Every structure is written in C-alpha cells, then in structure tokens.
Amino acid sequence: MEFHANEEHVYLTNERGELLANADFHETAPGVFDIYHTVVLPELRGQGIASKLVTKTVEEIHRRGGKVTATCTYAKAWMERHPQEEDSIS
C-alpha cells in the first residue's frame, strides 16, 4: 500500500493501483486548507488506515506551507486527538 498526493487529494492504493482510501481537501482562504472528506473501504476499517491517511494529508498541507482545518467529522476528531498540530486552526 502506498500513499499518493495530488492537487486536492491524498489517497492510498494497493500494489495493483486500486483505490483503498482517500482524503479530499481544498484551500478555503490563502494558506488555509480544509480537509472536508475522508473515506476508507469498509473491509479495511479498524486497521488505523484513516488515521494514517489524515496524518499524510496534514503532512502534505504543511509541505505546501499551509495550515489545516477540518470539516470532515473524522478529520476533525483526529485533530482534537493530536493537539501537537499547534499551527493548525479550527
């Protein structure tokens, strides 16, 4: 399994290139990115993939020099569990 990123998505594929999970985000203000949707295939839930997906998405936003906010309920809960993301905004 390998995470990838493009303009507004971070996603996970298997070795055959099949989509397993993805997070969608967009810039809502200059330098502020909202994670608004995450999904993991039902058969993969409970394995920590959603947490890794949001972690990779936050890392990608930071790599771009942005700050993070979340309207996705999962991503929002993840942010609350990770207060070390001090540059993130709510």
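**Model.** I am working from a predicted model.

**Strands S4 and S5.** I started with strand S4, residues 32-40, and strand S5, residues 67-70. The two run parallel, and four bridges join them.

**Salt bridges.** How many salt bridges are there? I count four.

**Glu60.** I turned to helix H1, where Glu60 and Arg63 both lie. They are three residues apart, about one turn of the helix. Glu60 forms a salt bridge with Arg63, and I read 2.7 Å between the closest N and O atoms. Glu60 also meets Arg64 in a salt bridge, at 2.9 Å from N to O.

Is Glu60 buried or exposed? Its relative accessible area is 10%, so I list Glu60 as buried, the cut-off being under 20%. Arg63 is exposed at 61%. Arg64 is partly exposed at 31%.

**Glu15 network.** I next checked which residues are joined by salt bridges that share partners, and noted one network of Glu15, Arg16 and Glu18. Within it, I looked up the contact between the side chains of Glu15 and Arg16, a salt bridge of 3.5 Å from N to O. I list Glu15 as exposed, with a relative accessible area of 65%. Arg16 also counts as exposed, at 60% relative accessibility.

Terms used:
Residues numbered from 1 in each chain as written. Predicted model: local features only at pLDDT ≥ 70, side-chain atom pairs only at ≥ 80, totals over all residues. Heavy atoms only, no water. Pairing = 2+ DSSP bridges. Buried < 20%, exposed > 50% of the residue type's maximum accessible area, 1.4 Å probe, protein only.
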